[in-house]
Structure formats: C-alpha cells, structure tokens
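Subject: Structure handover

Hello,

Here is the structure I promised. Please open it alongside this message.

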Amino acid sequence: MADNTCSRDFVSIGMFIIDEFSFADVDGNPTGRQMEQQIGGGGTYATIGARMWLPPSRVGMIIDRGHDFPAHIQQALDAFGQDIWLYRDDPSRDTTRALNAYRGEHRGFEYLSPRLRITPRYLANTKLSRPRILHFICSPSRAAAIMSEVKEDDKWHPITVYEPIPDRCVPEELPALQKVLPDISILSPNAEEALSLLSMSKEPTKELIEEACGRLLDIGVGSEGSGSVVIRSGPMGACVGSRGSPFTWIDAFWDSKDSPEKIVDVTGAGNSFLGGLSAGLILCQGNVREATLYATVSASYIIEQAGLPSLTQAAAEATELWNGDSPNRRLHALQDRLASKDTK
C-alpha cells in the first residue's frame, strides 16, 4: 500500500461533465423523448463508486464550475457529501458540457464546451493532496505525463488505478502503454479495449480475455511486475490477474437473464467499478481479488437507472442506502454466491 499518511484514500483526476441528451430513431428523426441534464464524467462516476464505501472526507475530486452551473446539479452533488468536491470557480467560462446523441441504440458523444484537464499538480497544497489511491482515465501517452508529475513529489507514492480511454485502446498505443505500465498498480480496460490494444480482433470470450490479461501482465504491470490487471467484461463479470496467481473471475452482480429489469443504463458503470475497486483496496488491505467484489457492487448501483443512484439514510440506524439498498448487504450476497460456486 501507499506509504504516506493523508486524509484522502481516493482521488480521481477524471473529469466532471454536465451531460445533455438528444434522441432520434435509426433514421435520424427526433423521437420526442427528452431527458433533463445529468451529472456526468468518468471522474464523477469513479468518485461515487468509491463514496459508496467510504465517507466524504476520504474521497475527492476537482470540479470546474463555470458561470452556468445549474442549481439542481449543485444540490445533487451536495447530497453525496459536500466535503468530497474541490471546486474551481471561473465565472468567465462555461461549465464543461457534452451531448449524448442517441440514434436508435447507438450513442454518439461530443463536447459542447472546452474541456479542462486535471493533473496531479492541481492537487498540491489542497485538501486532496497526496491521496493513497490516484485514479485517472486517459491515453497511455497522457498517463505517462501524469506519472511524471506524480514523481515530482518524492513524498507521494500512490497506488495508481489506470483506466485507458476507449478511443485510444488501439494497437498504435501499445508501445506507449508498455512504457508507462511499470508505474501502474492496477490496469483496467474493458474486454473490447484489451483485445483491441493487443490486435486480438475477435468477440470476447473468457478464454480470450484470460489470454489478453496474461499478455498484459507479461509486459510488466507495476514495479517489478507486482501490479494487477482487471479486465471488466460486462455480463461475464471481471477477470482478475496478477503474476504468479491463477486468473479469477468475479460474477457481475446483476444477470441480464435473471434480473433484466435491473439493467437500465450501463453508462458510467466501468468508472464506478474502479472507484469501488479502489475503496476495496483500502478496506481489504490491498487484496485485489476481494477489492473486485466491492467494485462489482458499486457498478451494480450505476446500471439500475440513467444517471447516478440515490443516497438516503436508514431511518432507524446510521446506515447509508443506495437506491434503497445497503452496499454491505450486496457485498455479502455476492460473497455467498461466489462461495456456493467454490470460486477461488
């Protein structure tokens, strides 16, 4: 684990975005469906995934607020814990927004206003400085730049959870990935991204995913190969790999056959998975396999609706409920399910 002693266990330097939506049929004709602006951004979803397990004082991220920051978005963020967020206010600019344009089942994505990237240097001398775990979503070349900044602080040695950005998971990026992997503690692409990076252009199967996981481990993840690869594989679950250990599969919490009504929108589930994984690493003293159960539970709440889940307090006790259910209850249910299958 990290060797520093700071108050934050998890910080994401992913982005906060206000998502807007449009809906058309397969021919491009508007359907008339409308959806209110929602909280978006991979950093936000990852932070909420960690927040399901940790109090607001132990997680965090930076949010750039422009002059047009909506009151209902502010209220929703406050509900998760005001101490999580570190705001940078700039009344001269728009808050970063993006359009999610649906045409039939296909989702297009484009930024409507300029992005402001966040780097580790922006954490220095703030309440988010030197977190134990740092999460980032970017290309391999930008990951190298991020790690270069981390190394500028010789008193900070975080666990790094790296989520490659989907459109840069191409074979041309593999050399850049190879260079940065020794600085990465946890590498977590999804199945399609992992296969694409390695020029394995086939439909994902468990056998192919394990092969991809092994090839990434062979490149060398972490210092002296001590890191892990967690390949997020949708309904198949997640494949967990570390050198010297057999591959482990953790089931998805919701099954599309048994509980199709629970799978509403998977947007942000992978980000939230990695926030949950990070919290699990803290709570399980670095056990990646056990942490993946926490990750799986975090993702289970995200897919139950469009947007983020609701957070409430149980009336009779100091228990937080997400979508009316306890993360610990789901964790125990998943542990029991895996034990009954004798998953090792």
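This is a predicted model: local features need pLDDT of at least 70, side-chain atom pairs count only at pLDDT 80 or more; totals for chains, interfaces and linings use all residues.

Residues are numbered from 1 along each chain as its sequence is written, and side-chain values use heavy atoms, with hydrogens and water left out.

Strand β9

Strand β9 covers residues 159-164. Strands (E, at least two residues) and helices (H or I, at least four) are DSSP runs, numbered from the N terminus. Six of its six residues are buried, so β9 is largely enclosed by the rest of the structure. Buried means under 20% relative accessible area (1.4 Å probe, protein chains only). I159, V161 and E163 point one way; T160, Y162 and P164 point the other.

β9 pairs with strand β8 (residues 133-138) in the parallel sense, over six bridges. Pairing requires at least two DSSP bridges between two strands. Y162 is the bridge partner of F136. From β8, the chain passes through helix α3 (residues 140-150) to β9 in a right-handed β-α-β crossover. Right-handed means that, with the strands pointing away from the viewer, the path from the first strand over the helix to the second runs clockwise.

β9 also runs parallel to strand β10 (residues 186-187), joined by two bridges. There, V161 stands opposite I186.

T292

T292 lies in helix α8 (residues 288-302). At 0% relative accessibility, T292 counts as buried. Its side chain reaches the backbone oxygen of V288 at 2.8 Å.

Best wishes

Notes
Buried means under 20% relative accessible area, exposed over 50%, partly exposed in between (1.4 Å probe, protein chains only). A polar contact is a pair of N or O atoms within 3.5 Å; within protein, one must be able to donate a hydrogen and the other to accept it, and residues adjacent in sequence count only if both atoms are side-chain atoms.
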